[in-house]
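Me: I'd like to go through the labels on this model one by one and see what backs each of them. Can you set the values against the definitions for me?

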Amino acid sequence: MSALALSVLLSFVSAVAYAGGAIVQEQVAVSSPGAQQYAPLRRPAWWAAVGLNGLGGLLHVVALAYGPLSLVQPLGALTIVFALPMAALFVGRRAGATAWRGAVMATVGLAGLLSLVGASDVQSLDTPQRVAAALGTAAAVVALMVAARAVHRHPAVRSILLAVASGVAFGMSSVFTKTVAVDWTGGVSAADLPSLTVIGVLATAGMLLSQASYRGAGLAAPLATLTVVNPVVAAAVGITMFGETFRYGSTGTALALSCGVVAAGGLILLTTERLAREQREADQAGGEAPLPVPGPADGEAPVPVPGPADGAAAAGAGSAHAEGAPADPAERLLSELTLPDLAEDVRVPSPAPAREDADDAPWPLVSYAPFYGGPYVPVAVVDRHRVRVKS
């Protein structure tokens with residue numbers, strides 16, 4: 001096998017490993033609580049995702065050793081293309097037509113952009129440039145994290161911002177890796193220790209931010225954003241600090257800008273597709289959710305809701321009322337009341353002796369509930385037409 005074919009094969013396997021790691025990360029993000037959205041350290045699956053990403057990075061570096069940068073870097077953009085069918089095959093997460101169009105646009109645009117970046121003479125960054133790059137990267141990552149926290153009510157937008165922050169961290173990690181690799185051609189020195197520390201911090205931050213970006217936003221949009229932003233940031237730094245240029249002069253520059261627009265359009269498609277899906281899910285949840293029923297307060301008995309059986313019981317009660325139940329609501333309520341059994345005897349005062357002039361006719365019962373909303377209280381009312389007046 002030739003060196004060129006080996007580099008292509010390693011690039012394909014690297015993209016598959018990256019895609020597998022992203023799928024595992026997304027599944028871990030879905031099943032992890034909110035407190036573990038950045039680093040679910042107790043989940044073995046997350047460590048498996050870390051291993052897959054590490055394997056993908058190692059294979060990518062080996063592919064760069066056997067093949068040209070202009071070929072290996074564009075092939076790394078195939079991660080999103082491999083991730084969508086792998087997710088449908090292994091975890092049953094199918095992507096819609098809009099997601100596929102966005103993924104293909106992002107991949108084609110990124111591949112075209114990277115293929116137009118020309119190589120330059122090997123050079124490194126001096127100390128002021130390294131400090132400025134590290135501080136600028138930290139400021140950008142922190143600003144994106146703050147913006148993502150501010151839009152936490154919109155999971156898709158929040159995930160895109162975190163994916164951009166992850167891509168920036170990974171891209172600048174690649175820049176510092178290239179700088180250290182150039183320095184090591186002349187021998188290892190202690191002056192590279194700060195750069196190695198920056199590489200470790202940025203790689204860890206990129207991994208944690210990518211894990212958080214998959215929470216609540218699916219797989220396609222965050223992965224495509226990360227896949228595009230990472231090499232674009234590295235290429236931008238290479239053009240501005242390493243003296244790299246686009247091939248074919250002004251024509252290549254125009255083509256590179258066009259490819260960047262295509263890649264950005266693909267990311268916009270993926271983001272809007274996710275936002276539209278969230279809106280549909282919210283509308284369905286709002287249409288199917290039952291109306292909230294206020295529960296009883298503390299210490300109160302729950303209020304029963306009449307069902308079909310209760311309706312039958314009410315119908316039976318109506319027939320019983322028609323057969324001989326008291327017509328007055330107060331009398332019907334009194335007939336249904338039951339007194340609790342008392343442990344001790346209760347002394348009840350004897351009734352007052354009846355007057356000789358008292359009328360034996362029963363007094364009507366009147367309820368004040370319709371006026372004050374309280375319970376039915378029977379109150380005796382004297383009929384003024386039947387009261388005997390003695391002088």
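Me: Why is serine 166 called buried?
Reply: Buried means under 20% relative accessible area, exposed over 50% and partly exposed in between, using a 1.4 Å probe and protein chains only. Serine 166 has a relative accessible area of 0%, so serine 166 counts as buried. Bear in mind that this is a predicted model, where local features need pLDDT of at least 70, side-chain atom pairs count only at pLDDT 80 or more, and totals for chains, interfaces and linings use all residues. Residues are numbered from 1 along each chain as its sequence is written, and side-chain values use heavy atoms, with hydrogens and water left out.

Me: And what makes valine 13 partly exposed?
Reply: The relative accessible area of valine 13 is 39%, which lies between the 20% and 50% limits, so partly exposed is the label. Valine 13 sits in helix α1, residues 3-31; helices here are DSSP runs of H or I, at least four residues, numbered from the N terminus.

Me: Which residues is serine 166 in contact with?
Reply: Contact means heavy atoms within 4.5 Å. Leaving aside neighbours within four places in sequence, serine 166 is in contact with Gly206, Leu209, Ser210 and Leu226.

Me: What makes a set of residues a nonpolar core?
Reply: The members are buried Ala, Val, Leu, Ile, Met, Phe, Trp, Tyr and Cys residues joined through side-chain atoms within 4.5 Å. The largest such core has 26 residues, of which Tyr214, Leu219, Leu223, Val228 and Leu270 touch the most other members. Helices α1, α4, α5 (97-115), α9 and α10 each supply at least two residues of this core. A second, separate core of 21 residues includes Leu162, Met172, Val175 and Phe242.

Me: What does tyrosine 214 touch?
Reply: Not counting residues up to four places away in sequence, tyrosine 214 touches Ala22, Gln25, Glu26, Ala29, Leu219, Pro222 and Leu223.
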